[in-house]
Amino acid sequence: MLNAKPYRVIMKSLSPVVISGIPPSLDGVLYEAISQVIASNNPSEVLPALRDVLLFNEALGVFHASSLRFGITPEQGVSAATSVRCDYFSQEKLSSAMFSPKERGGKYSLIRLEGGPTKKRLTSRPAYSAPYLTFDFAGDADAVEKLLTLTHVGVGYDYFSAANGEFTDVRIIPLDEDISISSGDVAVRPVPDTSGLDGVKGLSPLIPPYFHGEKVGVVYPEPVRFNLITTLL
Amino acid sequence: MRTLNFNGKITTLEPLTVTLKGAVSASGHRLPRNGGYSSSPYFPGTSIRGAIRHAAHLVIVDRVGFDAEGKVPFDLADHFMMAQGVDIAGDSETFAAGEINAGAELRRKNPLLSLFGRWGLAGKVGIGNAIPTSDEQWGMFGGGARTIMFERNESLFEFLEPDQVDRLSRIISEQAEASVDITTIKAEQAALKKLMKTADKDTKADLQKKVNELDEKIQSRKDEKSEARESIRRPIDPYEAFIAGAELNHRMSIKNATDEEAGLFISALVRFASEPRLGGHANHNCGLVEANWSVTTWKPGELAPVTLGEISISPSGVKIEGEELSAMVAAFAKANGFDFKAR
């Protein structure tokens, strides 16, 4: 893409981020944003649009978009949190007038809430809280700002369904050099393990959507990285 | 299909709170936060999502009504699937991993599942957390103590026979004695649990055994009471809530929705407005809210949304401004060929 420049995006974090192994990267967030804008989940339609927004590194086969780094303040660091979800039925939500107990051979004549598949469910996931979320990228800053501001996207696991990793106050600042793939010899996003960069070894797709697609050997940064926000501005 | 974004505010008409697992602190039940107690609390999007999904479930139950024989056409498994996305019968359709448009046929038949999802079928609806617009919009509520009513109002003794007065004084003295004993045992347990945190595996097992023995001791102390085994007098935890009149920013989205799906979602908001309550402690008059969202959508290829209208819900009614939004509600109402039992 033309005129791709290095930038850093800084967002104020509103709810804890759930990280499942590999830290979330900006191209994943923007992939979801674009799929909302063009109303398509088809990678063959979303990925070309993503290439108009982020620079693509043909040699490594990845976008110039870093993984998450938390920004902390002297008052608030990164802390452990939980994302909790609860499912249960109460009298107002399900009454016996709503169903036929004789259907399916009378299998469901009673609603048991103490156990079995209909029990009250309470799930909690470990998550991280910090005041700011930051990513580095090379690409079109205006488009990235619009996509992050005007669509319904968040960072990390289960934003759409459970509002984890919600953010606000998106701010983009220019950088002198592109550090969206590596900083020194260390990977700051998943890259092929043949790249020679240092990082944690694992398996992951190289481009979004990350929840499916062919997994290859990668190195990726530590799941939780953070810096004082004053050093990131 | 298009993506609709709802941006607006939820205003509390009564205190608004939620009780979460692990939310109890020394100072009571606290609202969830992104960080320590110095950061602002938020009202979780999952609680709002649940309320709207349950409202959508009721919209469907009302819409389908009774069949020709006067029976409800849904069984329990249908309800659990619609209201919670839980497959209790184990017979929902599975889709190949990574397939584009997987579940397209199911989405067409059952817009409720398409909107709110189930295991293996992502919901199109995204609901954000409600974030306070400024500080000082929350505080601690409730709290206090459960006491023995006869101590508060001695005139109640007039309604007790002498043998019942004796019974009461026996219960009170037994409870007072047991309470002191149990407090001592619990302090011992707390000390052991603290040691367990740094102990090695074998020591930990020994300590756990001692903790269990103390549990039994507490139980047997309770069993010694002739009746009223659990304490009557007890402190009641306070809980944190947004104050009445608090303003919370709120966003929602329906990704790549058909007009019928959007219509069902708006119908669910209308249904929710008939009892617009969120969160817990309804018995303390908590949870009543009103809300207002402006609705925008994307035109293909453009990077800025256009406004479709506005939706306001309050206990005094619902206002839908915008022809396209009303048309979506009508599109869902008029559409045929849905099968809400499909999963």
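Modeller: On a 1 Å grid over the protein atoms alone, a cavity is a set of points where a 1.4 Å probe fits but cannot get out, whereas a pocket is an open set with protein on both sides within 12 Å along at least five of seven lines; lining residues have an atom within 4 Å of a point. Grid points are joined across faces, edges and corners, and a volume is the space filled by probe spheres set on the points. This is a predicted model, in which local features need pLDDT of at least 70 and side-chain atom pairs count only at pLDDT 80 or more, while totals for chains, interfaces and linings use all residues. Residues are numbered from 1 along each chain as its sequence is written, chains are lettered from A and ligands numbered from 1 in the order in which they are written, and side-chain values use heavy atoms, with hydrogens and water left out.

Colleague: How many cavities of 30 Å³ or more does this rule give?

Modeller: Rolling a probe the size of a water molecule over the atoms shows where empty space is left. Here the count is 2 cavities of 30 Å³ or more, and the largest cavity holds about 50 Å³ of space.

Colleague: Which residues line the largest cavity, and which elements give two or more of them?

Modeller: Its lining consists of Ile10(B), Ile48(B), Ile52(B), Leu269(B), Phe272(B), Leu278(B), Val289(B), Ala291(B) and Trp293(B). Helices (H or I, at least four residues) and strands (E, at least two) are DSSP runs, numbered from the N terminus. Helix H1 (45-64), helix H8 (259-273) and strand E9 (289-298) of chain B each give two or more residues to the lining of the largest cavity, and E9(B) provides the largest share, 3 residues. As to class, Ala, Val, Leu, Ile, Met, Phe, Trp, Tyr, Cys and Pro count as nonpolar, Asp, Glu, Lys and Arg as charged, and the others, Gly among them, as polar. The lining of the largest cavity has 9 nonpolar residues, no polar and no charged.

Colleague: How is strand E9(B) paired?

Modeller: Strands of a sheet pair through backbone hydrogen bonds, either parallel or antiparallel. The criterion for pairing is that DSSP finds at least two bridges between two strands. E1(B) and E9(B) run antiparallel and are joined by 9 bridges, with Ile10(B) opposite Ala291(B). E9(B) also pairs with strand E10 (residues 305-314) of chain B, in the antiparallel sense over 8 bridges; there Thr296(B) has Thr307(B) as its bridge partner. E10(B) in turn is joined by 5 bridges to strand E11 (residues 317-321) of chain B, again running antiparallel, and these two strands form a hairpin with 2 residues between them.

Colleague: Is E9(B) mostly covered or uncovered?

Modeller: Buried means under 20% relative accessible area, exposed over 50%, and partly exposed in between (1.4 Å probe, protein chains only). E9(B) is mostly covered, with 7 of its 10 residues buried.

Colleague: Which residues have the most contacts inside the largest nonpolar core?

Modeller: A nonpolar core is a set of buried Ala, Val, Leu, Ile, Met, Phe, Trp, Tyr and Cys residues joined through side-chain atoms within 4.5 Å. The largest one has 51 residues, and those with the most contacts inside it are Phe6(B), Ile52(B), Ile254(B) and Phe265(B). H8(B) gives the largest share of this core, 8 residues. Another core, of 37 residues, lies apart from it and includes Val17(A), Val53(A), Val155(A) and Trp298(B).

Colleague: What is the volume of the second largest pocket, and which residues lie closest to its centre?

Modeller: The second largest pocket has a volume of about 820 Å³. Its lining has 38 residues, of which Lys12(A), Leu14(A), Thr168(A), Asp169(A) and Ile131(B) are the closest to the centre. E8(A) gives the largest share of this lining, 4 residues. By class, the lining of the second largest pocket divides into 14 nonpolar, 18 polar and 6 charged residues.

Colleague: Why is one side of E11 and of E12 in chain A left without a neighbour in the sheet?

Modeller: These strands belong to an open sheet of 3 strands in chain A, ordered E11-E13-E12 with antiparallel pairing. Strand E11 (191-192) and strand E12 (200-204) of chain A stand at the edges with a single partner strand each, so one side of each has no neighbour in the sheet. Within this sheet, 2 bridges join E11(A) to strand E13 (residues 216-220) of chain A, and Val191(A) stands opposite Val219(A).
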